Amino acid sequence: MGGCPLQESSAAQLGPAPDAEAVRFRGVSIAFPLAGGGSYPAVAETDLGVAAHQFVAIVGPTGCGKSTLLNVAAGLLAPTTGETFVLGRPLAGLNGAAGYLFQQDAVMPWKTARDNVAIGLEVAGVPRAEALERAQSWLKRVGLAAFADRYPHQLSGGQRKRVGLAQVLIRGPQILLMDEPFGPLDAQTRQIMGNLLLELWAGERKAVLFVTHDLEEAIALADRVVIMSAGPAARIIGDHAIDLPRPRDASEVRLSPRFHELHRAIWGQLRAEVLKAYGGEMA
Amino acid sequence: MTIGRIRLLLLQALVAVAAIGIWHVGSTVPIGGVLLLPPFFFSTPADVAMRVVSLFADGTAKIVRCPEPVDLTRLLVISDACFGKTIWQHLTITLIEGVLAFAIGAVAGVGLGFWLARHALASAILDPYIKMLNALPRVVLAPIFMLWLGLGIWSKVALGVTLVFFIVFFNVYQGVKEVSPVVLANARMLGMNERQLFAHVYWPSALSWMFSSLHTSVGFAIIGAVVGEYLGSAAGLGYLIQQAEGTFDTTGVFAGMTILAAFVLVVDWGVTVVERRLLVWRPPAAAGQG
């Protein structure tokens, strides 16, 4: 029995001052052991902080270790060196203060949409009837009120993502970790999901760490865009504040001149890294 | 491709009609002076049909006449010399053996499957023995079971259990091992402890694997029962077939086979109904109904 993450989470939620830094990587590096001995350095020593209520997007070429870093923040992966702080406290075990939205479908296929959303409350001891009621209201917020009794295979990819979003948010996490959550969706659905996310986020302004390979998406959504270099030993090579006004519309904001300026500036830097990543593969 | 329900039924019936037609012609119409399917070896469809009807209508089949009705409480303990007088009793006993074999084999398979999937060391230690036992042809175990458990139903149940157990065991083991790591990580991030992971993730996943093999394992439970009866017993469908074979009664053998086939078809239909209820969450293609 590994320690109960919920107890940790309640401790983390009660303990620190409300404006403590949400996540802080201090000298975090990650290396994976290789089958033939030795190890592959995925992420070089990294220092990065996410302030409370801040929406930070990490952008980098595929395979650069962005998701790895997110797994460290979630407590699913222990860093090789360095330390992670959550709400000012060193992280040990799972990060109970965080909700994690995965890239792949992570909802339980054997539960209906409503049961999937309610489960996070149920395992925390909320009575089933109340959990189901709150799940229904969350499904309504993500526009799936009519689909509560469907099983995941009866939903579209975008609808499953909405279920996943409600499933994570219903627990009221203080930190949201998102690993290319809209990656598998088509372009239109992605923008709709982006707007939904902004809308839900605007209410409580949780700290968000959002990993994506899509620079436009990152600029449209985030307060801050962090650029990671191509692996191996990926590191942070750029940190840009996004001063686009809020509330934003994730699709319309892309038409504004300021968006283009920011995009041009950041893309110039990112392109070199993308080329390096492909070059490495081709060599 | 979609075929209408009635059209499909007609086509399915056509296969039966063709097969029985060939059998009938071969066994009753001489071609060039000889019967291609001599009735001594193949019987005839009409005889078999009549035998099946008489078995059900008359009911008092075979050998001994029994004065009083069969005592069902003695069924599970010994092989009753007076048991197996009507076809319904034969069917009942085969069904009881099959159900018991399935229940015991499934419970043992689920239990051990779960335990080994969660304990890597025990699994590694026991691995060669499990493979060895699984590779053993079960028929050679039948005489041993009869020595140990007698000629009553338990030796047949034991034979069925050895067949069912391994199917369920391997499926549950696989089911627990192959829980999607993303679903698992997500469940942990949602705050589940070990017990809750078991209830909400491992258990449903393993069950879905077990149910996907339900047709096979129920079929094997009945095979175990029938083969056990065939090798030594005083009741059941296997016994009926064995008795007929012992007197070169080909019609009796075919009649027994026909009843067995119909019986298995009914049981399989029952399994399908159960499966549809329990695996509603599965996409149709994966549940094998597509």
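Modeller: Two strands pair if DSSP finds at least two bridges between them; helices (H or I, at least four residues) and strands (E, at least two) are DSSP runs, numbered from the N terminus. This is a predicted model, in which local features need pLDDT of at least 70, side-chain atom pairs count only at pLDDT 80 or more, and totals for chains, interfaces and linings use all residues. Residues are numbered from 1 along each chain as its sequence is written, while chains are lettered from A and ligands numbered from 1 in the order in which they are written.

Biologist: What is the order of the strands in the open sheet of chain A?

Modeller: The sheet has 6 strands with mixed pairing. Its edge strands, each pairing on one side only, are β6 (98-101) and β10 (236-241) of chain A. The order in chain A is β6-β7-β8-β3-β9-β10.

Biologist: Which residue in β8(A) stands opposite A:Val56?

Modeller: Strands β3 (residues 55-59) and β8 (residues 207-212) of chain A pair in the parallel sense over 5 bridges. The residue in β8(A) opposite A:Val56 is A:Leu209.

Biologist: Are α3(A) and α4(A) oblique or roughly parallel to each other?

Modeller: Axes are lines fitted to C-alpha atoms, for helices over the stretch in contact, and angles run from 0 to 180 degrees between N-to-C directions. The axes of α3 (residues 113-122) and α4 (residues 128-141) of chain A come within 8 Å and cross at roughly 125°. Angles under 35 degrees count as roughly parallel, over 145 as roughly antiparallel, 65 to 115 as roughly perpendicular and the rest as oblique. The relation of α3(A) to α4(A) is therefore oblique.
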